[in-house]
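Subject: The structure we talked about

Hi,

Here is the structure I promised to pass on. Have it open while you read, and my notes follow below.

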Amino acid sequence: MKKGSILTLDIEKFADKGKSLTRLDGYVVFVPGAVPGDRVKARVYRKRKKFAEAALIEVLAPSPLRTEPTCSYFGTCGGCKWQHVDYQAQLDAKTQSVRESFEHAGGRSDVTVHPALGAEDRYYYRNKMEFSFSAGRWLTPDEISSGKDFNTSFALGLHVPGNFAKVLDLHECHLQSAWSASFVNAVRTFCLENEWSAWHPRKHTGYLRHLVIRQAANTEEIMVNLVTSHHDADRMAAMSTWIQETAPQVTTFINTINSGVAQTAFGEAMHTVFGPGLIHDRIGDHTFEIAPNAFFQTNTRQAETLYRVAAEYAALTPDDLVYDLYCGAGTISLYVAPKVKQVIGVELVEEAVQNARRNAAANGISNVTFETGDMMTLFNEEFIACNGKPDVLIVDPPRAGLHPKVVRQIGELAPERFIYVSCNPHSQAKDLSYLTDTFEVVQVQPVDLFPHTHHIESVAQLRLRK
Ligand SMILES: C[S@@+](CC[C@H](N)C(=O)[O-])C[C@H]1O[C@@H](n2cnc3c(N)ncnc32)[C@H](O)[C@@H]1O
């Protein structure tokens with residue numbers, strides 16, 4: 001096999017990051033876009049010592065796990081790479097990926113991993129979408145073959161996978177809501193009519209950078225956050241009037257300024273153009289205020305399932321002291337607070353901690369306190385001496401997992417009950433592998449918050465070894 005070889009392959013299984021793989025005499029070949037059970041023709045574009053990657057040319061015999069994708073951008077857009085896979089097969093693949101994380105990264109093949117809990121809403125489930133502007137528009141194969149002329153110096157949509165500069169100009173999207181997709185189209189027209197330029201990711205010029213839409217699932221509130229390279233009061237006044245006239249559903253409009261080169265919706269300044277500068281959403285019995293940069297689970301409905309599983313695994317009692325570490329806007333803290341004596345939350349982002357405190361007050365919950373700080377430095381003997389040894393420890397860190405210092409501290413703290421919630425089962429399994437002497441993994445429950453992607457949340461229940 002050489003680079004450029006064309007192979008006929010029978011696809012065996014899903015692999016890391018949603019790719020599929022097969023083996024030829026033990027040599028692994030990854031084929032992105034293929035589905036287990038497919039027979040495909042594919043061209044090798046990368047060859048390494050232990051594996052090769054091949055691009056799908058043709059499906060010779062389709063897998064029974066295939067289904068018709070909904071979106072016309074499927075195959076080009078990086079948003080939902082598994083729209084062509086039957087939903088139960090997606091869930092099975094996610095369950096298997098959690099099991100394999102514990103086997104490979106955690107060195108444990110005996111962990112009980114339950115089948116992933118699926119979502120009822122397979123489309124329009126996200127409460128937050130971050131669209132990008134770019135002075136480099138990526139054309140789909142259909143757009144190229146249409147023979148039409150396109151303005152390729154302006155795009156508003158999502159990045160194509162693996163390309164930081166090029167953006168697909170999305171005219172439909174099934175991730176947030178039909179309203180959100182139509183609003184994106186209206187913003188594009190408004191910006192083009194006013195001749196506002198899109199950010200050029202290589203030259204670092206242009207005005208428009210990102211359009212972030214946060215649409216609450218259980219209230220009528222909508223936040224629009226336009227990220228621009230600099231502040232222009234006149235333009236924002238014009239856009240504010242336009243939004244209020246054409247999209248009265250929008251309850252608050254924010255202009256974030258990011259003049260740096262990093263392609264992020266965070267910035268050095270934030271102006272609230274109209275409205276309160278935040279929105280509210282409800283999970284379970286509680287209402288949460290959400291600031292522009294505060295973390296909030298993007299699938300509100302399934303977040304409730306996730307928290308329910310975490311709370312069940314914590315087997316809470318009225319005398320419990322609970323630590324909720326990496327607590328964001330305090331969602332897990334407030335969810336468990338009515339069932340326990342006291343909850344202490346820790347979070348890095350000050351804005352989220354302020355949200356958490358106000359959320360507690362607004363929901364009439366007085367047995368929670370929140371501290372701002374970096375877990376790596378804050379979570380030490382002094383913190384524990386000051387707050388007391390918890391009966392239950394809940395952690396929900398970002399994708400990278402726990403800092404080794406935090407893992408060590410958890411080992412020393414040795415709480416009776418420990419719940420690890422994670423959006424990255426690989427880092428979850430790896431972190432827990434360092435705590436095998438202290439904790440036994442009782443069970444793991446994957447919960448699907450991200451249909452049509454390979455992402456999965458995973459809740460692990462751990463018990464202190466006697
Ligand atoms: C996956 S979110 C979980 C938030 C919350 N549990 C929820 O369900 O909404 C992880 C949170 O950890 C916070 N975080 C990231 N690094 C941190 C650190 N070093 N110390 C404390 N918090 C951190 C992030 O700001 C984010 O709010």
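Setting aside residues within four places in sequence, valine 459 is in contact with Leu306, Val309, Ala310, Tyr313, Ile419, Val421, Val444, Gln445 and Val447. Keep in mind that this is a predicted model.

Val459 belongs to the largest nonpolar core, which has 120 residues. Along with Leu306, Ala310, Val336, Ile394 and Ile419, Val459 touches the most other members. Helix H5 (residues 300-314) gives this core its largest share, eight residues. As a general point, nonpolar side chains tend to be buried together in soluble globular proteins.

Now zoom out for a moment. The protein chain is split into domain 1 (6-66), domain 2 (91-121 + 283-464) and domain 3 (128-277). Between the C-alpha centres of domain 1 and domain 3 there are 36 Å.

Next, the sheet. Eight strands make up an open sheet, in the order E8-E10-E9-E7-E11-E12-E13-E14, with mixed pairing. Strand E8 (137-138) and strand E14 (269-274) are at the edges with a single partner strand each, so one side of each has no neighbour in the sheet. In general, strands of a sheet pair through backbone hydrogen bonds, either parallel or antiparallel.

You can follow both kinds of pairing here:

- E11 and E12 run antiparallel and are joined by seven bridges. A hairpin of six residues connects E11 to E12, and histidine 210 stands opposite valine 227 in E12.
- E12 and E13 pair in the parallel sense over six bridges. The bridge partner of asparagine 225 is isoleucine 254 in E13.
- Strand E13 (residues 252-257) pairs with E14 in the antiparallel sense over five bridges. Here isoleucine 254 has threonine 272, in E14, as its bridge partner.

Is strand E12 (residues 222-228) largely enclosed or left open by the rest of the structure? It is largely enclosed, because seven of its seven residues are buried. In a regular strand, side chains alternate between the two faces of the sheet. On one side of E12 you'll find Ile222, Val224, Leu226 and Thr228, and on the other Met223, Asn225 and Val227, all of them buried.

Then there is helix H3 (residues 178-193). H3 has 16 residues and spans 23 Å from its first C-alpha to its last, close to the 22 Å expected. Which residues of H3 are buried? They are Ser180, Phe183, Val184, Val187, Arg188 and Cys191. Looking down the axis of H3, you'd see these buried residues within an arc of 145°, so they line one face of the helix. On the other side of H3, Ala178, Thr189 and Glu193 are exposed. The buried residues of H3 pack against strand E7 (128-134), strand E9 (155-159) and strand E11 (208-215). Just after H3 comes glutamate 195, with a positive phi of about 60°.

Why does cysteine 191 count as buried? Because it has 21 C-beta neighbours inside 10 Å, and the cut-off for buried is 20 or more. Leaving out residues up to four places away in sequence, cysteine 191 touches Trp196 and Leu208. Threonine 76 is 115 residues from cysteine 191 along the chain, and their C-alpha atoms are separated by 24 Å.

Cheers

How values were computed: Residues numbered from 1 in each chain as written. Predicted model: local features only at pLDDT ≥ 70, side-chain atom pairs only at ≥ 80, totals over all residues. Domains from an automatic or database assignment. Core = buried A, V, L, I, M, F, W, Y, C linked by C-beta atoms within 7 Å. Buried ≥ 20, exposed ≤ 12 C-beta atoms within 10 Å, placed from the backbone. Helix = DSSP H or I, 4+ residues; strand = E, 2+ residues; numbered from the N terminus. Contact = placed C-beta atoms within 7 Å. Expected span 1.5 Å × (residues − 1). Arc of directions from axis to C-beta. Pairing = 2+ DSSP bridges.
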